[in-house]
Amino acid sequence: MRKKIVAGNWKMNKTYEEALTLVSEIDNMVKDEVTGEVTVVIAPPFPYLQSVGKLTQGNDKLHLAAQNVSEHESGAYTGEVSARMLQSIGTEYVIIGHSERRMYHHEDAQTLYQKLKASIAQGLKPIFCCGEPLEERDADRHFDYVGQQLHDSLSYLSNEEFDKVVIAYEPIWAIGTGRTASSQQAQEMHAYIREQLSRLFDAEAAYNTSILYGGSCNPGNAKELFAQPDVDGGLIGGASLKSRDFTDIIKSF
Ligand code: PEP
C-alpha cells in the first residue's frame with residue numbers, strides 16, 4: 001500500500017522565530033483537522049531542523065525533512081551537511097534533485113545518485129525530484145526527458161535501496177509560476193514514471209512508490225490533482241509557508 005504524502009519545502013524562507021510559529025500552527029491544525037491517513041513532511045532550512053523536529057515530535061503525522069544533503073560521508077567539505085548528521089538529529093526524509101539545486105548548484109545525475117546512496121545508507125528516505133523545462137514540453141519531449149532523469153540517477157540503486165525512495169514530479173514551468181500542470185498532464189506523467197520505475201525495479205516496488213506532484217499546488221487545485229490514480233500527494237513550495245493553505249492542501253485527500 002503506497003503512502004499519501006504532502007511535503008512542504010520552505011526553501012530559503014523564514015527567520016527562526018517565524019519558522020517556530022509556522023510549525024506550531026501546522027502542528028495544531030493537523031492535530032485538530034486532519035483525520036485521514038496522510039504523512040505530512042516539513043522541510044525547513046538546515047539551521048531550524050532540530051528545533052522544528054522537537055516541536056513535531058508529539059505528532060505522529062508530522063515528519064522532518066532536509067532540503068539537501070552532501071554526497072560525501074564526512075570530512076573536509078566546508079559548508080556541507082552529511083546524511084549521518086541529518087539522521088543523528090532525527091531527520092527522516094531528504095529532498096534530492098530539486099530543479100533549483102540542479103540549476104543553480106549544477107548538481108548532475110551522478111552527484112544525485114551519490115546523494116541518494118549516501119542518504120539511503122543512513123536510513124533517510126529520499127524525495128527524488130524530476131521534471132522537464134518548458135522547452136522540452138513544448139517540443140513534446142517531456143516523457144523522454146523525465147525518463148532519462150530517472151534512469152540516470154536511480155538505475156544504479158538496488159531494489160532494496162529503491163524501496164526507501166519517494167518521487168516528486170515537478171515540471172519546472174510550474175514551480176513558483178502560478179501555472180499548474182492540469183490533473184490530466186500530471187496523471188499521464190505519473191503513470192509514465194511508474195511504468196519507467198517498473199522497468200528499473202520490480203513491479204511491486206514501482207506500484208508501491210509514492211509519486212508526488214509539485215508545481216504551484218494550492219488549496220484550489222489540490223483536490224483534483226490528488227484524485228488522480230497515480231498522484232499520491234504533493235511537494236508544496238509557496239503554499240507550505242502559510243499554515244492555513246498548507247493544511248487545506250493536506251485535507252484535500
Ligand atoms: C517546489 O519548489 O518544490 C514547488 C513545488 O514550489 P511551488 O509550490 O511554489 O510551485
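Reader: Which helix holds the place of E135?

Author: E135 sits in helix α6, residues 134-138. Helices here are DSSP runs of H or I with at least four residues, strands are runs of E with at least two, and both are numbered from the N terminus. This is a predicted model, where local features need pLDDT of at least 70, side-chain atom pairs count only at pLDDT 80 or more, and totals for chains, interfaces and linings use all residues. Residues are numbered from 1 along each chain as its sequence is written, and side-chain values use heavy atoms, with hydrogens and water left out.

Reader: Is E135 buried or exposed?

Author: E135 is exposed, with a relative accessible area of 52%. Exposed means over 50%, buried under 20%, and partly exposed in between, using a 1.4 Å probe and protein chains only.

Reader: Ligand next. Which residues come nearest?

Author: Of the 15 residues around the ligand, the nearest are K11, H98, E170, G176 and S216. A residue is near if one of its heavy atoms lies within 4 Å.

Reader: What does the side chain of K11 do there?

Author: An N or O atom in the K11 side chain is 2.5 Å from a ligand oxygen. H98 places a polar side-chain atom 2.8 Å from an oxygen of the ligand, and a polar backbone atom of G238 is also 2.8 Å from a ligand oxygen. A polar contact is a pair of N or O atoms within 3.5 Å; within protein, one must be able to donate a hydrogen and the other to accept it, and residues adjacent in sequence count only if both atoms are side-chain atoms.

Reader: How much of the ligand does the protein bury?

Author: The protein buries 95% of the 290 Å² that the ligand exposes when taken alone. Areas come from the Shrake-Rupley method with a 1.4 Å probe; for residues, only the protein chains shown count as cover.

Reader: Different spot. Where is S252 found?

Author: S252 is in the segment after α12 (243-250). S252 counts as buried, at 8% relative accessibility.

Reader: What does S252 touch?

Author: Leaving out residues up to four places away in sequence, S252 touches A222, K223 and F226. Contact means heavy atoms within 4.5 Å. The S252 side chain also reaches the backbone oxygen of D248 at 2.9 Å.
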